[in-house]
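Good morning, and thank you for joining. I would ask you to keep the model in view while I speak.

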Amino acid sequence: MKVKEVLVRKPGVEIQSVVKNYEKYGFTSLPDPELAKKQFDDFLDVLASEGIKVNLITRSMENRPLAYKVRSHVFTYDKEALICNIPNLHRRGEEVFLKEALKICGVKIKGQVAHPAILDGTNII
């Protein structure tokens, strides 16, 4: 199975909060915002070279310092999505922005895992 389409968010203003409090957010060393942005651009180039459609979230999430990590919040298949509820307290609330972006991309939200249940999308196979 080949990836056909992705939803991503470039590291933006929110990463400055991570730089100021990197240990609070689980980083073991000081992140480099410029390097993160360059690596993201390189990643987009790889996706494009593979013919993968890229949907870019452009909405600012300044109060969500880890918002550039889109992968954890959703499990999708065939333009349908299950919105997850991840355990990281610093990331809660990001799913609101993600649901908006998915709808714009034509993805139907089939359900959402609600508190107290926890489901992290990176753990779904």
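This is a predicted model: local features need pLDDT of at least 70, side-chain atom pairs count only at pLDDT 80 or more; totals for chains, interfaces and linings use all residues.

Residues are numbered from 1 along each chain as its sequence is written, and side-chain values use heavy atoms, without hydrogens and water.

I begin with helix α3, residues 94-104; helices (H or I, at least four residues) and strands (E, at least two) are DSSP runs, numbered from the N terminus. Its buried residues are Glu94, Glu95, Phe97, Leu98, Ala101 and Leu102. Buried means under 20% relative accessible area, exposed over 50%, and partly exposed in between, with a 1.4 Å probe and protein chains only. Viewed down the axis of α3, these buried residues fall within an arc of 155 degrees, so they line one face of the helix; the arc is taken over the directions from the helix axis to the C-beta atoms. Lys103 and Ile104 are exposed on the face turned away from that buried side. Gly106, which follows α3, has a positive phi near 85 degrees.

Next, the loop between β3 and β4 holds Asp78 and Lys79. Neither is a glycine, yet phi is positive at about 55 degrees for Asp78 and about 65 degrees for Lys79. Asp78 is exposed at 65% relative accessibility, whereas Lys79 is partly exposed at 37%.

Finally, Met1 lies in the segment before β1 and is exposed, with a relative accessible area of 98%. The peptide bond from His115 to Pro116 is cis, with omega near 15 degrees.
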